[in-house]
Amino acid sequence: MIWLLSGALFWAAAFAVNVAVARSRHSARRWARVFVPALFGITILVVWECLVRGLGISPVLLPAPSAIAARFASSGEILWQDFVQTAVKGALSGYVIGCAAAFLTAILVDRRDFLRRGLLPVGNFVAALPIVGIAPILVKWYGFGWESKAAVVVVMVFFPMLINTVSGLGETSAMQRDLMRTYAAGYWTTLLKLRLPAAMPFVFNGLKISTTLALIGAIVAEYFGSPIYGMGFRIQSEAGRLSMDMVWAEIAVAALAGSVFYGAVALMERIVTFWHPSQRSQR
Amino acid sequence: MRSVLPVLAVIAAIIALWYAGALALNAKWAREQAARSGTELSLTALVVETMNQERALLPAPHQVLAELWDSTVNKRVTSKRSLVFHGWITLQATLWGFALGVVVGVGLAIAIVYSKVMDMSVMPWAIISQTIPIVAIAPMIIVVMSLIGIEERLVPKAVISAYLCFFPILVGMVKGLRAPESAQLDLMRTYNASALQSFFKLRLPASLPYLFASAKVGIAAALVGTIVGELPTGALRGLGARILVGDQFGPPIRIWSALLAASILAAALVATVGLIQRITLKRMGMAQ
């Protein structure tokens with residue numbers, strides 16, 4: 001009972017603080033933009049902990065955050081090994097190969113208007129398909145190692161990246177292209193100095209969508225066969241053994257990897273497309 | 001209409017590539033078979049052989065189409081070998097998940113638009129939630145659900161698909177509910193409209209184009225979520241289960257026909273939302 005009460009109290013207090021900060025004149029400041037969501041996240045963790053302890057929920061159903069943190073700290077070596085296998089070898093290498101291939105294909109496609117008009121609708125359609133279902137086939141082709149995971153990721157990120165880059169390359173106005181012509185700029189100069197920079201917001205949109213897809217692809221592919229390590233393998237086998245604290249620790253790693261991955265791309269976007277209105281208004 | 005010809009050309013190119021791939025990947029096995037029986041394969045015989053293998057590494061498109069035809073039209077709808085049966089299971093979970101995702105997404109969007117605290121605290125977490133690979137949670141959701149006593153496979157699948165599809169809807173709705181200009185909001189004030197009235201008569205109608213645009217993304221995401229929910233969990237029914245079973249027991253061509261069926265389902269779902277969008281916006285006088 002005392003746990004439930006203190007959980008409710010903490011929630012009420014944190015909520016009051018957040019309302020006060022959001023209504024104050026500081027709400028547009030950067031510290032407030034970080035503080036409010038951070039407090040919200042902490043509140044959820046505290047309420048979760050209090051609920052688990054107060055209601056006596058079995059750790060098989062839902063382990064407390066403290067138990068997950070303890071497991072996280074004690075099995076760092078296993079988690080790190082899984083992280084390297086799945087996130088670095090599987091997802092990251094597939095992500096780099098797939099995005100680079102899509103980017104180069106987009107530049108080739110862009111030279112022919114006929115191809116562009118044909119590929120955009122088809123690519124849009126393929127990007128909406130449940131491509132992850134291809135995972136068992138690729139695992140069969142490339143074996144159980146990280147190569148098959150990377151292959152799944154390549155296929156998954158290719159089309160979203162392709163359509164974003166192709167539509168980005170069409171972003172320049174006729175006026176801007178005419179200006180480049182009056183400068184006597186050739187195809188490559190126009191591409192490098194005008195059209196690629198103008199396409200960057202779209203390219204980064206594709207890159208950001210692909211970060212999540214990459215991790216999903218790498219983890220799903222592990223369900224179809226993997227060596228005895230890797231995040232997908234660990235989650236599935238530990239969930240079967242009902243050791244939920246390990247599953248949650250692995251989910252925490254996946255969430256952390258996903259957020260850092262996304263954050264790194266978003267940071268790069270901020271550096272590269274500093275001129276874009278959506279970036280300027282954040283200051 | 002201008003793009004019909006290019007689209008057809010691209011599709012033809014993809015099919016041609018597929019055939020070429022089938023030839024290249026299946027040739028090894030065909031040659032080995034021929035060597036075992038001591039015959040030499042001519043080029044035409046090789047092509048014929050690679051296009052019709054029963055357990056091909058990469059089945060040719062016509063084989064997949066034949067399998068799809070066989071497992072939809074030639075089987076009774078209630079049979080477990082019918083893709084219509086499995087497609088129906090998947091469709092149900094997808095629609096429930098989509099409905100749940102729309103309710104959560106629209107609900108959160110309304111809260112975010114009307115409350116600054118919600119905007120500041122929930123929005124960043126909604127973004128972070130999408131960077132968490134949902135598949136990591138899928139096996140756990142299913143184990144926990146069965147421990148609670150929900151044996152029904154529908155619920156965990158719908159939860160997973162809702163998790164994937166609520167986000168595009170949330171983002172679209174926040175944009176849509178904020179779409180009315182301040183002059184329009186001021187006009188509602190001069191009419192002495194209550195908050196509820198200005199919500200139902202101004203903000204909600206103004207948000208519909210945004211809602212439909214994101215619903216198209218959302219329903220495709222919901223289908224992906226359902227199939228992902230069926231893949232790692234040992235489900236017995238549904239298109240994802242069909243892929244899984246084809247992987248472990250059946251001939252690989254079953255995976256391909258299930259994949260094709262899933263693609264057709266995705267196209268049908270997106271087209272349906274598009275149709276509803278067209279009709280609704282036209283009747284509201286918002287058609288472009």
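# Chatting through chains A and B

Me: Which residues does Trp141(A) touch, leaving out those up to four places away in sequence?
Reply: Trp141(A) touches Leu25(B), Leu57(B), Leu58(B) and Trp256(B), where contact means heavy atoms within 4.5 Å. A caveat on all this: the model is predicted, so local features need pLDDT of at least 70 and side-chain atom pairs pLDDT 80 or more, while totals for chains, interfaces and linings use all residues. Residues are numbered from 1 along each chain as its sequence is written, chains are lettered from A and ligands numbered from 1 in the order written, and side-chain values use heavy atoms, without hydrogens and water.

Me: How much do chain A and chain B bury between them?
Reply: About 4500 Å², with 81% of that on carbon and sulfur atoms. Buried area is the accessible area (1.4 Å probe) that two parts lose on being put together, summed over both. In chain A, Arg117(A), Pro130(A) and Trp141(A) lose the most area to chain B, together 14% of what that side buries.

Me: And how many residues of each chain are in contact?
Reply: 50 residues of chain A contact 53 residues of chain B.

Me: Which residues touch the most other members of the largest nonpolar core?
Reply: Tyr95(A), Leu162(A), Leu207(A), Val220(A), Met140(B) and Leu170(B), out of 132 residues in that core. A nonpolar core is a set of buried Ala, Val, Leu, Ile, Met, Phe, Trp, Tyr and Cys residues joined through side-chain atoms within 4.5 Å. Helix H9 (residues 187-222) of chain A gives the most to this core, with 14 residues.

Me: What does Met140(B) touch, not counting residues up to four places away in sequence?
Reply: Met140(B) touches Met244(A), Val247(A), Trp248(A) and Ile251(A). Apart from that core lies another, of seven residues, including Val19(A), Val21(A), Val117(B) and Met120(B).

Me: Switching to Asp82(A), is Asp82(A) buried or exposed?
Reply: Asp82(A) is buried, at a relative accessible area of 0%, and sits in helix H4 (residues 76-110) of chain A. Leaving aside neighbours within four places in sequence, Asp82(A) contacts Ala87(A), Tyr229(A), Gly230(A), Met231(A), Arg234(A) and Glu250(A).

Me: Now chain B: at what angle do H1 and H3 of chain B pack?
Reply: H1 (residues 4-36) and H3 (residues 61-72) of chain B pack at about 100°, with their axes 9 Å apart. That makes H1(B) roughly perpendicular to H3(B). Axes are lines fitted to C-alpha atoms, for helices over the stretch in contact, and angles run from 0 to 180 degrees between N-to-C directions. Under 35 degrees is roughly parallel, over 145 roughly antiparallel, 65 to 115 roughly perpendicular and the rest oblique.

Me: Which residues meet there, H1(B) to H3(B)?
Reply: Ile15(B), Trp18(B) and Tyr19(B) of H1(B) meet Pro61(B), His62(B) and Val64(B) of H3(B).

Me: Last one: what is phi of Ala184(A)?
Reply: Phi of Ala184(A) is near 60°, a positive value in a residue other than glycine. Ala184(A) is in the loop between H8 (174-182) and H9 of chain A, and counts as exposed at 68% relative accessibility.

Technical notes. Helix = DSSP H or I, 4+ residues; strand = E, 2+ residues; numbered from the N terminus. Buried < 20%, exposed > 50% of the residue type's maximum accessible area, 1.4 Å probe, protein only.
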